[in-house]
Amino acid sequence: MLVNPVKRAYLELESWFNLSFGTEWNPLYHLGTLSFFLFWVILVTGIYLFIPFHGSLDGAHASVEWMTHEQWYIAGVMRSLHRYASDAVVITVLLHMFKEFASGRYRGFRWFSWVTGVPNLWMIITLGISGYWLVWDELAQYVAIGSARLMDALPLLSGSMTRNFVSGQMTDRFFILIEFLHLLGQPLLLVFMLWIHVKRLSNVNINPPRGLAMGTFFALCTLSLIKPAVSHAPADLTSVPQVLHIDWFYLNVYPLLEYWPEINIWIFTTIFSVFLMAMPWLLPKKDGPVAVVDLDHCNGCGICFEDCPFDAISMQARSDGAKYEYEVAVDPALCGACGICAGSCPSSNPFRSSSSELKTGIDMPQLPVDEMRSETRQAIDAMSGNINIVVFGCEHGLNVNRLDSADTKGVKLICSGMLPPTLVEFALKHGADGVMVTGCRHNDCYFRFGNRWTKLRFDGQRKPALRGRADKNRIRIHGGAETDKNEIEADITAFREELSRIKQLEAEAVEA
Ligand code: HEM
């Protein structure tokens, strides 16, 4: 499989971050949760700042100055944290968006998360703009006048805002409206939109790993102490500010007003937003056939319901008169066709009906469990080395068939999470000396939980667990992207050496 150059560059960047942070704390694997964390920092510091803040044209600037210079050690640090966390969230959200795009996780059944993400981006930007307004310094004046020009270009307001500002009649009432929007209206709307954004996913964790959160917070605190956020001179609508230090993360649109008519900025922003929202359909992707339930082999245990990353499986009252209380049903509109459910079904046990077709409770038409079993058998039969290793891998990590040799054979799955642990046991029992499971990089599964569930199942912490009779020394997990072939090959070599030692010890034990 060819990796497009953008994705390759991004994977390289992630590898560099893995070297510094490890896969557990790599911020590039936690961009969504990191954005949530930064949002909480913004919220808590914002609540603190609200206490000493004076919400009037005459008092606002002086109260912010008091916080910055008089009580710099608490309020000043809070202000800087508020500012820098706001800048950081723009970076993490843009990277999150880019990451989803570069990984192809924006189209097909994922259109909902993508489309509901776009308004979040704009809401964060407008939240920042209204924040800059509240300081009521020269920068706020610049933002206020620029915003008035932009709003007035809309047919609805037709000049009323500019008349107010340009003639120097900014009122306290209007200022309080902006304060209300910044403190309550916009954050509440954002929280609501974020809830919608992740609503279609299951087991959503909105908190980054603790170490990453603490490191981020520490970095923000350090920056706040080294370079505290400061204001410009107080706003004065009778004069034009000469030197402004723009926050390019939020205020980049305002300098454009010097070159473009306001209406063009609206047209550009609208076309850009519509283009972003339409992307899932501009470059469409056909998802594979969805999971199919076979009630004859489903006892309604609900493990697939727990494991589905996209909330596509529901538990319902039994409809076929069988003795079980529940059955599962798949919503085709939500199904990501990852096959994780097939891997979690206890009926996907290859030791059942070994001579006839293996039927299971929930299966993927494009790669049924029975076919996975046949391919595993064929892979074992095709190897003729001294130490033979079967490598199960997914469609989104390294193409495991690129590893094929006389003593290594790949079996391709849709996602590593669709591998029933009993199939690993089956491979070891039927002639493989070792089994390696690869898939996406750790913490970066294309289908969210495939490699995580696999690891937990193998460690006995998640059902269906790998049974005790499977020799864990002969099983290895090594996640890796398409660009990680060398690392995976090196690990296979090391694994083979270990297996060889195990084989030798076993032979010596038999002889003794
Ligand atoms: C404040 C802004 C945002 C926050 C806090 C946020 C947070 C999150 C979180 C926590 C997830 C769930 C990740 C998981 O559990 O696998 C997620 C998923 C997703 N987000 Fe965002 N997001 C934001 C903005 C955006 C934007 C601007 C876009 C793109 C336009 C976007 C696109 C997506 C997509 C496509 C998914 C689904 C990923 C999947 O199905 O695996 N998000 N987001």
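## Basis and overall make-up

Because the model is predicted, local features need pLDDT of at least 70 and side-chain atom pairs count only at pLDDT 80 or more, while totals for chains, interfaces and linings use all residues. Residues are numbered from 1 along each chain as its sequence is written.

The chain holds 18 helices and 8 strands, which are DSSP runs numbered from the N terminus (helices are H or I with at least four residues, strands E with at least two). Its C-alpha atoms fill a box of roughly 95 × 50 × 40 Å along the principal axes.

## Around the ligand

The shell around the ligand has 25 residues, of which Gly32, Ser35, Met97, Ser113 and Gly117 come nearest; a residue is near a molecule if its C-beta atom, placed from the backbone, lies within 6 Å of it. Two or more residues each are given to this shell by H2 (31-50), H4 (72-102), H5 (111-134) and H8 (172-199), and the largest share, 7 residues, comes from H5.

## How H4 packs against H5

The axes of H4 and H5 come within 11 Å and cross at roughly 165°, where axes are lines fitted to C-alpha atoms over the stretch in contact and angles run from 0 to 180 degrees between N-to-C directions. H4 is therefore roughly antiparallel to H5, a description used for angles over 145 degrees.

In this packing, residues of H4 including Ser86, Met97 and Glu100 meet residues of H5 including Trp114, Gly117 and Gly131, where a contact requires C-beta atoms, placed from the backbone, within 7 Å.

Methods:
Angles under 35 degrees count as roughly parallel, over 145 as roughly antiparallel, 65 to 115 as roughly perpendicular and the rest as oblique. Two residues are in contact if their C-beta atoms, placed from the backbone, lie within 7 Å.
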